[in-house]
Amino acid sequence: MSTVIVSQDELSRYNSLIPMLKKHISEAGIDRGRPLTYLVKTYGCQLNESDSEKIEGIFQEIGLVEAKEEETPDFLIFNTCTIRENADIRLFGNLGAYKSRKKENRDMFIAVCGCMMKQQENIDRIKKSFPYVDACFGPSDIHMLPKILANKLNQRKRIFSVSEEDYLVDDNDIPVLHKRKFRALVPIMYGCNNFCTYCVVPYTRGRERSRSSEQILSQLRDLAASGYKEVMLLGQNVNSYGKDKEGEISFAKLLEEAAKIPGFSRIRFMTSHPKDISEEVIYTMKKYPNIERHLHLPMQSGSSSILKRMNRHYDQEQYLKTAMLFRKELPDATVTTDIIVGFPGETEEDFQATLDVIEKVKFDSAFTFQYSRRPGTKAADYPDQIPQDVVTERFGRLLELQNALTFASNESVVGKTEEILIEGKSATAPDVLTGRTNSNRLVNFRIPAGIELNGKKIDSSAPDFDADEFEGMLANVRITRAKPYSVEGELESFIDESR
Ligand code: 5AD
Ligand code: SF4
């Protein structure tokens, strides 16, 4: 694998196919008496979500309309994840469900992309057992989608186009559809160089390649000017941003430059690697209140010997030092983490070390995973794999401890008034809204009688009340009750009256 920078000329050649595709889609729509539709099914992390936003951007550009989840679309893409085994299993099950639908609509286009496509055995399985899949492409090939679609229209044969290269494209020249009205996902770098011994990502997403800070900041300025309140800077390891490019600024500096752009209320970033996060990042967060009061710092294990076998390049002491410095400098902020239980060779003592660190840092929440053996990774060949019953038992103890800490963290904000960025309707009831605090806490809240917006009283019990209308607005919400994974509240006032 090697990094290849895609030239403007090459990208223009792909983009120049868009008018032809648009004409074809429009004519097919006239023939069928309805617009042609698409669905993109996304699995996995936020980088995949961001990739899907580009796929949707291209789809909308060629004139496709998004189908409803339950409809059979004309163009269907599965953007896959392979980080743990269960993600793989889900894809093949879901794909199977479309066999009969394709029989009903022979012109339907089905493609699979994303991380699973970088594993030859998955391509072979699709070639052999899923003949109704029209195309497969890799996570760094999205800019070529117009060419893939054009080839499919011209040749009508199946296309397997998963590149060996790690492409870096000027994202600003790829159409993108931001799924949320208020939030823009902005990748700042692609790939990962770390080769943690359990992880497939370096094999599927290739080597680290940073976008230029000039391009990123120009994109951010455009987003702020178009009214986005929140940006999420994305990378597998944002703290090594720029290290692959001579003369490039550091992540701390990029974060600072982003924070200085007027307009953003929330700047978020994912994911920080404990070995690379600099104190400068913590001090930059402290200096700019529009940077989210939240640090996601994946620990994976609290045992120094397991961390070594995971190839994480930090030990328990170093992890604690960073987490505690952050706690001291930003006492109102939240700290979350990722933890893997049952890594090969994990003893009861190692597991206890993980529990110890959890008790010390008191994570506000954690993503907890059972170790999943991924073919091709180093740890898959370690001889001392842990029996499932031991993993299950440890996992239960881990959840019990973390759930208690998450609840205690939620209880600590009861009675406070927090600034909430409203995301829309909650999953609980149509008159309950949902949003997040600046420390990324999930809040479900009601609008009590008497609250006004732009001089008009809001009645959340009215039949035409639509909580989604408030998406993207900032409000002060008083937290009234802690729940296991969220908090409840009541709106006090809107902060800005626009979206
Ligand atoms: N098994 C279990 N969890 C894993 N993760 C990555 N690879 C594996 C694996 N093989 C987890 C890590 C990582 C998160 C995104 O997924 O905790 O931080
Ligand atoms: Fe995987 Fe480690 Fe890279 Fe994260 S830093 S993507 S866990 S290899």
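Predicted model: local features only at pLDDT ≥ 70, side-chain atom pairs only at ≥ 80, totals over all residues.
**Ground rules.** I number residues from 1 along each chain as its sequence is written, and chains are lettered from A and ligands numbered from 1 in the order in which they are written.

**Domains.** I looked up the division of the chain. It gives domain 1 (3–168), domain 2 (180–292), domain 3 (295–412) and domain 4 (417–494). The bounds come from an automatic or database domain assignment.

**Domain 1 against domain 2.** I took the centres over C-alpha atoms, and they are 27 Å apart. Domain 1 puts 19 residues into the contact and domain 2 puts in 20 residues; contact means heavy atoms within 4.5 Å. Next I looked up the area. The two domains bury about 1600 Å² between them, with 59% of it on carbon and sulfur atoms. Buried area is the accessible area (1.4 Å probe) that two parts lose on being put together, summed over both. On the domain 1 side, Q46, L47 and L168 supply 36% of the area buried against domain 2, more than any other three residues.

I then counted salt bridges (a side-chain nitrogen of Lys or Arg within 4 Å of a carboxyl oxygen of Asp or Glu). The count between domain 1 and domain 2 is one. I also looked up R205. R205 forms a salt bridge with D51, and the closest N and O atoms are 3.0 Å apart.

**Cavities.** I searched the whole structure and found three cavities of 30 Å³ or more. The terms: on a 1 Å grid over the protein atoms alone, a cavity is a set of points where a 1.4 Å probe fits but cannot get out, and a pocket is an open set with protein on both sides within 12 Å along at least five of seven lines; lining residues have an atom within 4 Å of a point. Points are joined across faces, edges and corners, and a volume is the space filled by probe spheres set on them.

The largest cavity holds about 170 Å³. Its lining has 17 residues, and K54, P139, S140, Y167 and Y190 are the closest to the centre. I get seven nonpolar, four polar and six charged residues in this lining. Ala, Val, Leu, Ile, Met, Phe, Trp, Tyr, Cys and Pro count as nonpolar, Asp, Glu, Lys and Arg as charged, and the others, Gly among them, as polar. α3 (46–61) and β8 (166–168) each supply at least two lining residues. Helices (H or I, at least four residues) and strands (E, at least two) are DSSP runs, numbered from the N terminus. Domain 1 and domain 2 each give at least three residues to the lining of the largest cavity.

The second largest cavity holds about 80 Å³. Its lining includes S50, E53, K54, D171 and R211. α3 and β9 (183–187) each give two or more residues, and α3 has the largest share, three residues. The lining of the second largest cavity also draws at least three residues from each of domain 1 and domain 2.

**Second largest pocket.** I read a volume of about 450 Å³ for the second largest pocket. Of its 23 lining residues, P331, D332, A333, V413 and R441 are the closest to the centre. α15 (388–411) and β17 (417–425) give two or more residues to the lining. Where does this pocket lie? Domain 3 and domain 4 both give residues to the lining, so the pocket lies between them.

Technical notes: Heavy atoms only, no water.
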